Amino acid sequence: MSSHSAFSFDATGDPIIDVMTDGFAWDLSDSTTLTWALADGLNGDAWTDRFGAIDTFAAALASVEQFIDVEFQYLGDFDSPIAAGLAGADLVYTLDNAVVDDGTLAYAYYPGPGVFPNFEQYETEGGDVFMNFSAPIINTSSFRPGSDGFLTVIHELGHALGLRHPFESSAQRPSLDQLDQTLVRDVDWFSIMSYTDDFGDQLERWDPATPMLLDVLALQYLYGANPATNAGNSLLRLDSEAFYYTLWDVDGVDWVDASDQSEGWTIFLPDVQVTELVDTLSGFALPSDQFDLTIVDSEPQELIWLIGDIENAIGTRLEDRINGNRFDNHLRGGGGDDALEGFAGDDTLEGNAGRDIAWVDGDQASFTLLIGPDGTFLQDRRPDGLGTDRLIGIEEVAFRGGDSPETFDLDRFGGPATLSSQALETLVELYVAYFNRAPDAVGLNFWGTVFAQGVRLEQIAAEFSNQPETRALYREELDNADFATAVYTNLFGRIPDQTGFDFWVDMLDSTRVGRDTFILAVLEGAKADPSADASQAFIDQQLADRAFLDIKTDLGALYAVHYGLSDVTDANNALAGFNGSQSSLDAAVGIIDEYHAAALDPDDGAFLMPLVGVLDNPFDVGA
């Protein structure tokens, strides 16, 4: 007799499990090994290629065994399924060619014995699979993975393990069509138990080669998950096949690798728990030109279900869309213009060549972009947010928070981390001098990127002089004397001394220095070493001017560099009350701290872009 008996169970109330099961399963409480055998048919039908039949059924069993905690053990070759059952075979691969051209390709019985008191043909028929080689589809099939013939074998094997047709329903068990069709479809690439085939005329390709997503979940509910498949750290290559298949990974730190593919792919790492009764996570991968925005709206010719715990992905050399999950992901694009999205966890998004974009789910105002010599990091400040992602070779960030995405161009704003502290301070000084305010972080990072790319400081100063803020502060109708006085007042908080005043006015009058670079020249003069014959009064005044400018620069850096604030109105207010006294300095620091505290609010705050690791913060009491 069969080595195992079966048991029955009621509907679970879970729609996915109830769609896929009919209440029958093998009882594996004593052993997780199911035996199988090959047998000739009941009506004198004999296998013409016995070794080929054994290989086909062994391949079908192996395609199932990788997902569930069951070992299939070959028992032998028999002259009838009755003899095989009596010898202890649980599953028998046999023949029934009695009825010709009735449309039946094959059939199988649910697990047994022990469940059905009235068997149809013989007592141990439970779990047995009958093939009808009178049917042309079966008779002409190669039985290669992806063919209709092989799908028929694994379909019937699904029945033999307790799976049912998902298009059928009962009082307690729904059909797939009765579920949410935005999530699942009654089609063979969702389940080998479906009769629906998007490419029914293709008999040798574009069919499942393993159980599909819904089948795996139902089988793991019945028998548990295979604890050995891809255990440990695994590299799972995505092979371009003319069929559908499923990859299962039980644990470890794992990569899926599409780098060998000759077209761009879309990859969603496992992050969806389809049924509450099985904690296995699911995702998928397929060529991008076969993905129609959602998986249920697609008609793929190639599809790979990704299930289990898979953390990392490598794309192709072409344009890919790679999506992470709740784990800490490393998503690596290739040579094309890739779109990467890490979702939850502290992820590394690596674009490599091409123009690559990182997508994030949320308003831009909820995020902080940290730029520094150690890398670029995007931090979600929401308590239940997306973590902190490292961006490598990413040119653009897109925030999916409103009606349309907000995009941020890292090519234009992400490059000042290579500047020296002196170069960065000079840029902050230009803001203070030309605009009489703290820099805004976005603007400072733009000009810092330009500076880092090799544009000379004189060219940047000339651009600053032509900005609306500068023209409003230093009106065109000012004569050279009034212009020089206004510059001195903004830079050093005082009117110029007569000697300095005469010198700089003469420089303007003689056109040896133009107004576009005058402010930069005054800055450089304040930092220059005094001449050997300079008076002590001149030296003392120069040191006082440097100290005043240093403090305004430090305040500007606190606002834009260390806190990453970008509101221009607040940038004006931050320095407006500083007059050189300690009390005005304390007040300015307090105002900037308040702006920063308000901006940190994850819901009502602001997009922050601090530059870290380039300048020291003199106001950091913990430093």
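**Entry 1: the model.** I am working from a predicted model. I kept that in mind for each entry below.

**Entry 2: salt bridges overall.** I looked up how many salt bridges the structure holds. The count came to 21. Side chains of opposite charge can pair when their charged atoms come close. I then went through some of the pairs by name.

**Entry 3: Glu204 and Arg144.** I found the side chains of Glu204 and Arg144 joined in a salt bridge, with 3.4 Å from N to O. The two residues are 60 residues apart, and the pair links distant parts of the chain. Glu204 sits in the loop between helix 5 (148-161) and helix 6 (213-223). Arg144 sits in the loop between helix 4 (136-139) and helix 5. I also checked the exposure of Glu204: its relative accessible area is 32%, so I noted Glu204 as partly exposed.

**Entry 4: Glu458 and Arg456.** The side chains of Glu458 and Arg456 also meet in a salt bridge, at 3.2 Å from N to O.

**Entry 5: Asp497 and Arg494.** I recorded a salt bridge between the side chains of Asp497 and Arg494, at 3.5 Å from N to O. Asp497 has a relative accessible area of 29% and is partly exposed. Arg494 has a relative accessibility of 16%; the cut-off for buried is under 20%, so Arg494 counts as buried. Elsewhere in my list, Arg355, Glu396, Asp409 and Asp411 belong to one network, joined by salt bridges that share partners.

**Entry 6: Thr426.** Next I looked up a residue in a helix. Thr426 lies in helix 8, which covers residues 421-435. Its relative accessibility is 12%, so Thr426 counts as buried. Which residues does Thr426 touch, leaving out those up to four places away in sequence? I found Leu457 and Lys527.

**Entry 7: a nonpolar patch.** Last, I looked at the surface. Leu42, Ile82 and Leu86 form a nonpolar patch there, and together they have about 240 Å² of accessible area. I placed Leu86 in helix 3, residues 81-86.

How values were computed:
Residues numbered from 1 in each chain as written. Predicted model: local features only at pLDDT ≥ 70, side-chain atom pairs only at ≥ 80, totals over all residues. Heavy atoms only, no water. Salt bridge = Lys/Arg side-chain N within 4 Å of Asp/Glu carboxyl O. Helix = DSSP H or I, 4+ residues; strand = E, 2+ residues; numbered from the N terminus. Buried < 20%, exposed > 50% of the residue type's maximum accessible area, 1.4 Å probe, protein only. Contact = heavy atoms within 4.5 Å. Patch = residues over 30% accessible without salt bridge, like charges linked within 9 Å, V, L, I, M, F, W, Y side chains within 5 Å. Areas by Shrake-Rupley, 256 points an atom, 1.4 Å probe, with all protein chains shown as cover.
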